[in-house]
Amino acid sequence: MNPASSPSVKASRAARSSLRGAVAEVIREAILDAAERAFGELGFADAKMTDVAERAGMAAGTLYNYFDSKESIFRALVEQRASEFMGALEAIAAEKRPAVAGLARITEATCEYIESHATMFMLFEQVDGHTGAGVRRACGPSADRMRIRYLQLFRSALEAAVRAGGIRRDLPLEQLTLLYTGSLHGLLRGWLLDGCRGRLRDRARFLLTVFLEGAGTRTTR
């Protein structure tokens, strides 16, 4: 038997390969965390690859072994954060709770995540403003897929609330979904542009109150 093909040698190679992969993933995570800080502190337009490398505690040459530009870092950062975000929301949506309470919980969870990653979401605004491309154009098909998952999550929550009698049955569900998520995004964007003042979760409660109970006085004329 060739010693190089023995089970013990193969197992050793597989272990080394797995370790290299784990180390590479740790380094990649460190780069993305450093990029989030650098882009947030300096602005996406002004931040350089050397700024990211400095905050990651590595040489610029090492950084280029993982990403070839700050745009590619941005794409990876958006995809990772979006995946984390959707994973958290989908886990919450799978929990058993009354329908309207379920809608409230994923709305609050959205606000909580954005509040804890405010720098990242401010970065979205910067990229839109400085490049004119926007997150969807910058990230391509993956951004569209994530958007579909996000809308479907809220659509399901709204549909459950309709079935439970918490929302009127005579309104088109697709339009309700767009109205609700659009209103939520407007509140989120307003919070970011307002310097992240106040608790974002309070705005979630405001949206739920207005959406479920209405803003009118119900006074007839």
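The dialogue below goes from the overall fold to helix contacts, single residues and cysteines.

A: Begin with the kind of model: this one is predicted. Then take the secondary structure.

Q: How many helices and strands are there in the protein chain?

A: The protein chain has 10 helices and zero strands.

Q: How many of the residues count as buried, as a percentage?

A: Of the 221 residues of the protein chain, 38% are buried. A further figure concerns contacts with a separation of 6 or more: residues 24 or more positions apart account for 64% of these in the protein chain.

Q: How do I read a pair of helices, for example α4 and α8?

A: Take the distance between the axes, then the angle, then the handedness. Helix α4 covers residues 70-93 and helix α8 covers residues 141-163; their axes come within 11 Å and cross at roughly 20°. Because an angle under 35 degrees counts as roughly parallel, α4 is roughly parallel to α8. The crossing of α4 past α8 is left-handed.

Q: Which residues of α4 and α8 meet?

A: On the α4 side they are Glu79, Ala82, Ser83, Phe85, Met86, Gly87, Leu89, Glu90 and Ala93, and on the α8 side Ser142, Met146, Arg149, Tyr150 and Leu153. By class, this contact of α4 with α8 has eight nonpolar, three polar and three charged residues.

Q: How do the axes of α5 and α8 cross?

A: The axes of helix α5 (residues 99-116) and α8 come within 7 Å, with a crossing of roughly 150°. An angle over 145 degrees counts as roughly antiparallel, so α5 is roughly antiparallel to α8. The crossing of α5 and α8 is left-handed.

Q: Which residues make the contact between α5 and α8?

A: Ala99, Val100, Leu103, Ile106, Thr107 and Thr110 of α5 meet Tyr150, Leu153, Phe154, Ala157, Leu158, Ala160 and Ala161 of α8. The contact of α5 with α8 divides into 11 nonpolar, two polar and no charged residues.

Q: Which residues of helix α2 are buried?

A: In helix α2 (residues 49-56) the buried residues are Met49, Asp51, Val52 and Ala53. Just after α2, Gly57 takes a positive phi of about 70°.

Q: What should I expect of phi in general?

A: Most residues other than glycine have a negative phi. Cys196 has a positive value, near 60°, and is a residue other than glycine. Cys196 lies in the loop between α9 (173-193) and α10 (200-213).

Q: How do I read the cysteines?

A: A disulfide is a covalent bond between the sulfur atoms of two cysteines. The structure holds zero disulfides.

Q: Is Cys111 buried or exposed?

A: Cys111 has 1% relative accessibility and so counts as buried. Cys196, by contrast, has a relative accessible area of 27% and is therefore partly exposed.

Technical notes. Residues are numbered from 1 along each chain as its sequence is written. This is a predicted model: local features need pLDDT of at least 70, side-chain atom pairs count only at pLDDT 80 or more; totals for chains, interfaces and linings use all residues. Side-chain values use heavy atoms; hydrogens and water are left out. Axes are lines fitted to C-alpha atoms, for helices over the stretch in contact, and angles run from 0 to 180 degrees between N-to-C directions. Helices (H or I, at least four residues) and strands (E, at least two) are DSSP runs, numbered from the N terminus. Angles under 35 degrees count as roughly parallel, over 145 as roughly antiparallel, 65 to 115 as roughly perpendicular and the rest as oblique. A crossing is left-handed if the near helix is turned anticlockwise from the far one by less than a right angle, and right-handed if clockwise. Contact means heavy atoms within 4.5 Å. Ala, Val, Leu, Ile, Met, Phe, Trp, Tyr, Cys and Pro count as nonpolar, Asp, Glu, Lys and Arg as charged, and the others, Gly among them, as polar. A disulfide is a pair of cysteine sulfur atoms within 2.5 Å. Buried means under 20% relative accessible area, exposed over 50%, partly exposed in between (1.4 Å probe, protein chains only).
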